[in-house]
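Please read them with the structure open beside you.

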Amino acid sequence: MLILTLRTDNPQAEIGLYDDHKKLIYHEWQAHRQLAETIHLQILELLKSQGKDWPDIQGVVCYKGPGSFTGLRIGLSVANALAQSLNVPIVGQGGDDWLQKGLARLAGGKNDMQVLPEYGAEAHVTKPRK
């Protein structure tokens, strides 16, 4: 089972491809404010480096937080959209061992259907000026 992994809560984004629990390739890049512009290209490049394409993805594991509002929002939007469009299971996991736990949950047949971010704090909403 080809699994795509994503972590986008920091300026340094991380993506990987796994064959079940076996790491095929893992890539980190300084995405910072260009995450929305670069994430799809980075995923495609990672897939192509392994002789794969979008339809070869059979599952998605993503880091759901806590972390940066914008980074999590972008990364989870991409992960959810990919899982839905490819009709594959998706699991979200937090914590230091998110990857191992996420891969294990996916291997165990879990499917979160949609992963929502956990920001780690309440939103700081300002009052309207008018």
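**Notes on the predicted model**

1. Leaving aside neighbours within four places in sequence, Glu28 is in contact (heavy atoms within 4.5 Å) with Gln12, Ala13 and Glu14. With a relative accessible area of 41%, Glu28 is partly exposed; buried means under 20% relative accessible area, exposed over 50%, and partly exposed in between, with a 1.4 Å probe and protein chains only.

2. The model is predicted, so local features need pLDDT of at least 70 and side-chain atom pairs count only at pLDDT 80 or more, whereas totals for chains, interfaces and linings use all residues. Residues are numbered from 1 along each chain as its sequence is written, and side-chain values use heavy atoms, with hydrogens and water left out.

3. The protein has three helices and five strands, in the order β-β-β-α-β-α-β-α along the sequence. Its radius of gyration, taken over C-alpha atoms, is 15 Å, close to the 14 Å that the globule rule (2.2 Å times the number of residues to the power 0.38) gives for 130 residues, so the protein is as compact as a globular protein of that length. Helices (H or I, at least four residues) and strands (E, at least two) are DSSP runs numbered from the N terminus. Buried residues make up 40% of the 130 residues, and of the contacts with a separation of 6 or more, 58% are between residues 24 or more positions apart.

4. Helix H1 has 15 residues and reaches 20 Å from its first C-alpha to its last, close to the 21 Å expected at 1.5 Å a residue, where the expected span is 1.5 Å times one less than the number of residues. Its buried residues are Leu35, Thr38, Ile39, Gln42, Ile43, Leu46 and Leu47, and what covers them includes strands E1, E2 and E3 and helix H2. Gly51, which follows H1, has a positive phi, near 70°.

5. The 18 residues of H2 should span 26 Å, and its end C-alpha atoms are 26 Å apart, which agrees. The buried residues of H2, among them Leu72, Leu76 and Ala83, pack against E1, H1, E4 and E5. H2 is followed by Asn87, whose phi is positive, near 55°.

6. Which residues lie nearest the centre of the largest pocket? They are His32, Arg33, Ser68, Thr70 and Gly71, out of 13 lining residues, and H2 gives the most to this lining, with three residues. The space in the pocket is about 220 Å³.

7. Some backbone geometry deserves a second look. Most residues other than glycine have a negative phi, and most peptide bonds are trans. Asp20, in the loop between E2 and E3, has a positive phi near 60° and is partly exposed, with a relative accessible area of 39%. His32, in the loop between E3 and H1, has a positive phi of about 40° and is partly exposed at 48% relative accessible area. The peptide bond from Gly65 to Pro66 is cis, with omega near 5°, and Pro66 lies in the loop between E4 and H2.

8. For the pocket, the search used a 1 Å grid over the protein atoms alone and a 1.4 Å probe; a pocket is an open set of points where the probe fits, with protein on both sides within 12 Å along at least five of seven lines, and lining residues have an atom within 4 Å of a point. Grid points are joined across faces, edges and corners, and a volume is the space filled by probe spheres set on the points.
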